[in-house]
Amino acid sequence: MTYVSSLPGRARTRRSQRVRASRTSRRRWHRPAAALLGACAAGFYAWGLLHVAGAVLAAEDGGAGSSPLLPCRTPGREERASHVVDYGVDYVPLRFVCETTGGGSYAAESVPGYVNPAVLGFGLAAAACVGAGALDAERRARKAPGSGTG
């Protein structure tokens, strides 16, 4: 008889433990998500850096056919490339820049178009997860017994 009468109490205790565990797991997803999103942003940025490094190597490569600079040649816009005198690299946003006579410049198409938006998107999402985790930690600290701000 004691086994039957204690069953609802045990079930209630297990249920409250499951609810408590699910709340804890919901609260702790911010940090791993921020790390994963930050790693994705870093990966896309590294992928773009590889493209820029390839463009720099192609620009520094001398020899036949190296003028105008290879990365600055765009099909259909050959005249623009004939005025290129130097190049530069911008790191934010990541791009290879061809500098023309008269002080003008344009971004070569060496970095894929999806790289900079992906870095921005993943970076902002990682920052949002970090912020949400900080807010959640602060909220938990305020609700914790003995915190003095009850």
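How many Å² does the accessible surface of the chain come to, and what share of it belongs to carbon and sulfur atoms? The accessible surface is about 10,300 Å². Carbon and sulfur atoms hold 61% of it. The model is predicted.

**Overall layout**

The chain has four helices and three strands. Read from the N terminus, the order of elements is α-α-α-β-β-β-α. Of the 150 residues, 22% are buried. Among contacts with a separation of 6 or more, 50% join residues 24 or more positions apart.

**The disulfide**

One disulfide is present in the structure. Its partners are Cys 72 and Cys 98, with 1.9 Å between the sulfur atoms. The torsion about the S-S bond is about -100°, so this disulfide is left-handed. Cys 72 sits in the loop between helix H2 (30–60) and helix H3 (78–81), while Cys 98 belongs to strand E2 (residues 94–100), so the bond ties together parts 26 residues apart in sequence. Both Cys 72 and Cys 98 are buried.

Cys 40 is partly exposed, with a relative accessible area of 28%. Cys 129 is buried, at 10% relative accessibility.

**Aromatic pairs**

How many aromatic pairs does a search of the whole structure find? The search finds three. In the pair Phe 44 and Phe 122, the ring centres are 5.6 Å apart and the planes meet at 15°, so the pair is stacked. This pair links distant parts of the chain: Phe 44 is in helix H2 and Phe 122 is in helix H4, 78 residues apart. Tyr 87 and Phe 96 form another aromatic pair, also stacked, at 5.1 Å centre to centre with 15° between the planes.

| Residue | Relative accessibility | Class |
|---|---|---|
| Phe 44 | 26% | partly exposed |
| Phe 122 | 26% | partly exposed |
| Tyr 87 | 19% | buried |
| Phe 96 | 0% | buried |

Tyr 87 counts as buried because its 19% relative accessibility falls under the 20% cut-off. Phe 96 is buried at 0%.

**Tyr 114: cluster and patch**

Phe 44 and Phe 122 also belong to one aromatic cluster with Tyr 114. Tyr 114 lies in the loop between E3 and H4. At 44% relative accessibility, Tyr 114 is partly exposed. Tyr 114 has a place on the surface as well: with Trp 47 and Leu 50, Tyr 114 forms a nonpolar patch there. The accessible area of these three residues together is about 350 Å².

**Val 111**

The loop between strand E3 (105–107) and helix H4 (115–143) also holds Val 111. Is Val 111 buried or exposed? Val 111 is buried, at 12% relative accessibility. Which residues are in contact with Val 111, leaving aside neighbours within four places in sequence? They are Gly 48, His 51, Val 52, Leu 94 and Arg 95. For Leu 94, the C-alpha to C-alpha distance to Val 111 is 7.5 Å. The two residues are 17 residues apart in sequence.

**In brief**

The loop between E3 and H4 contributes Tyr 114, a member of the aromatic cluster and of the nonpolar surface patch.

Note on methods: Residues are numbered from 1 along each chain as its sequence is written. This is a predicted model: local features need pLDDT of at least 70, side-chain atom pairs count only at pLDDT 80 or more; totals for chains, interfaces and linings use all residues. Side-chain values use heavy atoms; hydrogens and water are left out. Helices (H or I, at least four residues) and strands (E, at least two) are DSSP runs, numbered from the N terminus. Buried means under 20% relative accessible area, exposed over 50%, partly exposed in between (1.4 Å probe, protein chains only). Contact means heavy atoms within 4.5 Å. A disulfide is a pair of cysteine sulfur atoms within 2.5 Å. Patches are made of residues with over 30% relative accessible area and no salt bridge: like charges are joined within 9 Å, nonpolar side chains (Val, Leu, Ile, Met, Phe, Trp, Tyr) within 5 Å. Accessible areas come from the Shrake-Rupley method with a 1.4 Å probe; for residues, only the protein chains shown count as cover. A salt bridge is a side-chain nitrogen of Lys or Arg within 4 Å of a carboxyl oxygen of Asp or Glu. Rings of Phe, Tyr and Trp (its six-membered ring) pair if their centres lie within 6.5 Å; planes under 30 degrees apart count as stacked, over 60 as edge-to-face and the rest as tilted.
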